[in-house]
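This briefing goes through selected features of the model shown below, grouped by topic.

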Amino acid sequence: MSDLTETSGDRVPAEGAPAASAREPSGQQEHRHGALSYAAEWARQLTRRRTQWIFGILVVLPVIFIAAFALDDGPSRGEQGTRFVDIATSGGPNFSVFVLLVSGELLLYIVAALLVGDPVPAEASWSSLRYLLTAPVRRARLLTSKLLVGLSALAVATILLPLWSLLLGGFVYGMSDYQIPGGGELDSATFWSRIAIAIGYVFVATLPIAGIAFLVGVRTDTPLAAVGAALMVYIVAGILDSIDALGDWRKALPGHYGREWLELLTTTDPDWTGMQRGLLWSLLYFTIFVVLGYRVFRRKDILS
Amino acid sequence: MSRARHPRRALWAAAISALALLLSYAPLASAEPSPEDFAPVTSTPADETTVPDIEPVTERIPTVAEPDGTPVELDTDLYLPHNSDGPHPALILAHGFGGSKESLRTQAQEYAGSGYVVLAYTARGFGDSGGRIHLMDPGLEVADVSTLVDHLAERDDVVLDTAGDPRVGIAGGSYGGAAALMGSALDERIDATVALITWNDLAQSLFTQSATAAAAGPTPAALEPTDIPGVFKQLWGSRFFGTALAGGPVEGGDPLCGRFEAELCEGLTQAAETGEPTPELLERLRANSPAEVIGDRMPPTLLIQGMNDSLFGLDQSDANARLIAETGAPLAIRWTDGGHDGVSTTAADDEDASRAWMDTYLDPELPVEEAATRPLPVDAFTYALPLARRQATAPLERLDAYPGLRGADPSERVTLDFRRTNPELRLVTPPGGQPASMTSLPGLGGLSGLGSLPTYPLAALPGSSGAFDTVVTEERLVAVGSPRLRLSVTSSGEEQVLFASLWQVQGSTASQPRTLVSPVRLTGAPGEEQEVTVVLPPATYVMEEGSRWRVLLTTTDNAFAGPRDVRVDLVDLAAASLELPVAEGEPVVAAGADGPDTESLLVGGVLLALLLAVAAAAGYRRYQSSRAPWREDLADVPLVVDHLVKTYGDGHRAVDDVSWRAERGQVVGLLGPNGAGKTTTMRMMLGLISPDSGAVYVLGHRITPGAAVLGQVGALVEGPGFLPHLTGRQNLEAYWRATGRPSEEAGFAEVLDVAALGGALDRPVRTYSHGMKQRLGIAQAMLGKPDVLFLDEPTNGLDPPQIAAMRPILQAYAATGRTVVVSSHLLSEVEMTCSHVVVMHAGRVITAGRVDDLVASEDTTVIDVPEAPSKEALEALRRTPGVREVEVIDEGDVAKVTIVAHRPRAEVVRAALDADLDVLAVGSRRHLEEVFLGVIAGAQGADASAPGAGQSMIERLRQVRAR
């Protein structure tokens, strides 16, 4: 060890010098739990333009749909429809289900990949990740904060879209009972419970893509790679899902059960098996990717 | 507002809806059922891997000659079990209309594999068999079955009950099903029968009459039609001809009839043209039916009939069942959702039932009489309920007895009232019978195959159709059999034909649960009102609570040859309600469907195991980290770097056994050329990179990723990092919030003074210059007054006044008993700022110590001369006793000669003067640059291969300065 200690006598015990007694190991554990609190992380994410844009688009989207439907001055489609789009304007409930359906697949996937996959690589690209880690925020704590805040934002987005559509659609088209495509109606109590479960399911169904984006983001430090890789996995899975030769193996593809929630809104007596399977698969994929993400990050050399 | 006036708007609307459609439906394409699901086949799509590889022996067996005396041979295939020891029971397999023995191959191999001698044959008039098609003439096609039984009786590997009577069963579907039933009725030697989707009365099946004069019978699907001949099933008739003609004309035969027997052909052709059968034709068809031949004896019989069958409906198997029940033979009935229009979704179950039936009643271990008394191996009555949305197989229910047979309770009937508001219908038959309603597509799987397309408009043509709706059902009803209703009809014509179909109405949409239609033909004087009971298609119907049921009446149907004369019928309800046979069966638990969903169990299990493993690993790590190393002896040393080694993934050893320490109050400069390992060391000091071996201790705590003691460390590494959208002030606040420490500890005011950003503090960081970010970065590192401050190239981007301002700040900071570590390439800066220096090169520490000690020493004399001295002068100096080392650095206008000697400085200066040097100035202190270059040169001299080893000192100095 190179010896610089010969000069230790030069030390100037000046005013304001840190007291050695304050640095017991036990005392140092205390501030750990507060490091990068959820409130702090929420503040970091909410001030970002990206987050504001996402929520802005989600708010504007139903308005665009209403405008698009308003342009249709052909004969009323509201009566005998077997497709969601035909009866979308029959009332708030139908409109909100239509919006959830058309945005549930691609839009919410992108939102999920962005909200959950981007926060860690974004910090890396601003070079602020190393300062957070030396603040210090423990690595697992950092990921947990980012993950939970990302998921909360995703949940807010998933709930906001149909609820806002319901409100807007109810205002524009009236709050009539939900019409099942192909015939039948759901009374409002049933509809509310069904749409609540459906929203929950849509949220869970987007978890695997969030998990993939999270893992890739933690691994590559590139926000674009995180979102792109997650979408790529879903697109490839979707293509594989359309190949009949794969038979039952397709059930294991992420996204295979992505539309099972429609069961709740297309029949009076839903079959829960598909949703049960989809739920478990989604949670399984999400857990795998998140665990891998933590594992990668715990051992990673931070070079950004 | 018209579309034409606003083409652009319409275009936008179209584009947006197209996008929405694309988004909502593109992924659904894969969910559409594939077309092969609806192929009009009835045999099981067997799993090929389980089919035994048994090759048949082809034999041509002579049989009854044609009526004109032409000899006939049957083309047969004999499949023998692999283990041919011991006599086996035998099985005759018969094919459907248009098929051949080849279509029975898989089924035959499976039966042979389980120990049957299987004889598959091609029926008379088909394939390579001789003769013509007589549509199951008892004296010809049915007699052929007896010929085959005779043939089997002669084989010594077949069990014989008595001489000439083999233990034999017969199975077949459709045309072959009739062969099985009629053969069993006429040949007493047959011991077990399985008949699928076949007829009871061929006349009724082709000329269908769904009007009855009889009250509802005891059985669920009974249809006792009136004597008026029914309506010709034109599409099915045409399909038969197509099939028969495909076989090619026989020599001397009518080229239009193919292999059909001429008389039958003529009768059918005429009926197709006129829509009216001749009495002779009806008589012949009726004779070629089980209805006419089943007498007082039948073997145990399993009847399987389908509900997706517009040719032979459930009423046919109901009639067969009633006849067989009278003989006292064991009898079981299955209603599947397959038939001539589509495959049964429970085909595997149906196949299992057939197998069980044969295994029970052909058991060679028992005498035949005893076998026939065994209990039924399958439920007496099993029926499929409608396929629920997205179900792969139809749910099955069972009853212990077929209602109304053998003393079982008759079918229970309930009534469902029609709405009072139903108006009297005025139905017009358009001239020529066109356009025709479309309620089914015979043989093509029915309209249900078209998915969710609205089919009601295709069936309910305006003017020629009308409907009666029931009231909304208040509870779920399961109808099993034929619903009935009573109509009164007043017509302008002498002959009235109506088609009735049953629809389910939910909301405003009508759907047809079974694509079947009941034709009714009445005769009566014009204007005369007559009442008639219509038997709707027998099937199972699930009437959901809250749905309405609709009976659609049309005057035309594309599948039938109805009258073409223009006509008006007034139709009204003659009874106020629809009569439904209901049943409450017990659900049959399908094989493999018992218990919870296996896929969910599997995935759930894996998920649970994964979560447990994760929890265990997390617990273990927590335990490990609670034993984090703590060096009490180093508790008061701000920084100890202890034998650090780091090799990167590419094999480059960036840091090689680096050790040094810093004490309180020191400002330590970390020096070294590019790639010396300074930054890697600094990152390890912050826990950003894990060392391969060695450790860094801050105040006795080992640095690990995110170690708590890093709270006492402030750092600026490789440039600052800020959230670009926040202002400088917000960034510092956001950073401090992330530490989770109270804001009063931060000392914002002091560090903001350090940053000296003024008004720029409240602008977003992305608008900052490099130097502003750098100052903010230093300020951030000093937040909370850390005990140890790491600054990597802090003067980067700062202008000289700012650099000068930074110097006292760092010194003052260290003066409070804290420690500052600075890495910099500005050697003069380090010299002026730092108290101590650590010089690294190629991953190693090559020198360390106080700056003063390094730059000044007793034995060193620095002499400034106007120009570089000559070689001779330097040689002379070197030869002077006591002089150890002479170095020259030429700086252009002045050259510095550094002399290291044992002798007093005055003597060294004298020696220089003696060597003819023009001494301008004499000093004792070298610059850090010189020390730095000296030690680097020394280290490189030790490593001759190092680049730059041969370069002049000046060149190297230039490189250092340029950095």
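In this predicted model, B:Leu536 touches B:Ser482, B:Pro483, B:Arg484, B:Ala500, B:Leu502 and B:Ser518, leaving aside residues up to four places away in sequence. B:Leu536 is a loop residue, placed between strand S24 (529-535) and strand S25 (539-543) of chain B. The predictor assigns the complex an ipTM of 0.86 and a pTM of 0.69.

**Surroundings of B:Leu536**

- B:Leu536 counts as buried because 26 other C-beta atoms lie within 10 Å, against a cut-off of 20 or more.
- B:Leu485 is 51 residues away from B:Leu536 along the chain, yet their C-alpha atoms are separated by 7.9 Å.
- The residues that B:Leu536 touches include B:Ser482, B:Pro483 and B:Arg484.

**Make-up of the chains**

- Chain A contains 13 helices and 2 strands.
- Chain B contains 25 helices and 43 strands.
- Of the 304 residues in chain A, 48% are buried.
- In chain B, which has 963 residues, 48% count as buried.
- Among contacts in chain A with a separation of 6 or more, 75% are between residues 24 or more positions apart.
- For chain B, 73% of the contacts between residues at least 6 apart in sequence join residues at least 24 apart.

**Confidence in chain B**

- Chain B has a mean pLDDT of 83, with 88% of its residues at 70 or more.
- Residues 1-48 of chain B stay under 50 in pLDDT, and the model has 53 contacts beyond four places in sequence for them.
- A further stretch of chain B, residues 944-953, has pLDDT below 50 and 9 contacts in the model beyond near neighbours in sequence.

**Helix packing in chain B**

- Two packed helices are described by the angle between their axes and the distance between the axes.
- Helix H17 (residues 748-755) and helix H18 (residues 770-781) of chain B have axes that come within 8 Å and cross at roughly 150°.
- H17(B) is therefore roughly antiparallel to H18(B), since angles over 145 degrees fall in that class.
- The crossing in which H17(B) passes H18(B) is right-handed.
- On the H17(B) side the contact involves B:Val751, B:Leu752, B:Val754 and B:Ala755, and on the H18(B) side B:Arg775, B:Leu776, B:Ile778 and B:Ala779.
- By class, the contact of H17(B) with H18(B) has 7 nonpolar residues, no polar residues and 1 charged residue.

**Helix packing in chain A**

- In chain A, the axis of helix H2 (residues 38-46) comes within 9 Å of the axis of H8(A), and the two cross at roughly 60°.
- At that angle H2(A) and H8(A) are therefore oblique to each other.
- H2(A) and H8(A) make a right-handed crossing.
- A:Tyr38, A:Glu41, A:Trp42 and A:Gln45 are the residues of H2(A) that meet H8(A), where their partners are A:Ser145, A:Lys146, A:Leu148, A:Val149 and A:Ala153.
- The contact of H2(A) with H8(A) divides into 5 nonpolar, 2 polar and 2 charged residues.

**Backbone geometry**

- Most residues other than glycine have a negative phi, and most peptide bonds are trans.
- A:Ala135 and A:Pro136 are joined by a cis peptide bond, with omega about 5°.
- A:Pro136 belongs to the loop between helix H7 (129-133) and helix H8 (139-173) of chain A.
- A cis peptide bond also joins B:Gln434 and B:Pro435, where omega is about -5°.
- B:Pro435 sits in the loop between strand S17 (425-429) and helix H13 (456-459) of chain B.
- A:Asp221, although not a glycine, has a positive phi of about 65°.
- The loop that holds A:Asp221 runs between helix H10 (207-220) and helix H11 (223-241) of chain A.
- A:Asp221 is buried because 20 other C-beta atoms lie within 10 Å.
- B:His643 is not a glycine but has a positive phi of about 50°.
- B:His643 lies in strand S30 (residues 639-647) of chain B.
- With 13 C-beta neighbours inside 10 Å, B:His643 counts as partly exposed.

Definitions and conventions. Residues are numbered from 1 along each chain as its sequence is written. Chains are lettered from A and ligands numbered from 1 in the order in which they are written. This is a predicted model: local features need pLDDT of at least 70, side-chain atom pairs count only at pLDDT 80 or more; totals for chains, interfaces and linings use all residues. Helices (H or I, at least four residues) and strands (E, at least two) are DSSP runs, numbered from the N terminus. A residue is buried if 20 or more other C-beta atoms lie within 10 Å of its own, exposed if 12 or fewer, and partly exposed in between; C-beta atoms are placed from the backbone. Two residues are in contact if their C-beta atoms, placed from the backbone, lie within 7 Å. Axes are lines fitted to C-alpha atoms, for helices over the stretch in contact, and angles run from 0 to 180 degrees between N-to-C directions. Angles under 35 degrees count as roughly parallel, over 145 as roughly antiparallel, 65 to 115 as roughly perpendicular and the rest as oblique. A crossing is left-handed if the near helix is turned anticlockwise from the far one by less than a right angle, and right-handed if clockwise. Ala, Val, Leu, Ile, Met, Phe, Trp, Tyr, Cys and Pro count as nonpolar, Asp, Glu, Lys and Arg as charged, and the others, Gly among them, as polar. pLDDT is the predictor's confidence in each residue, from 0 to 100.
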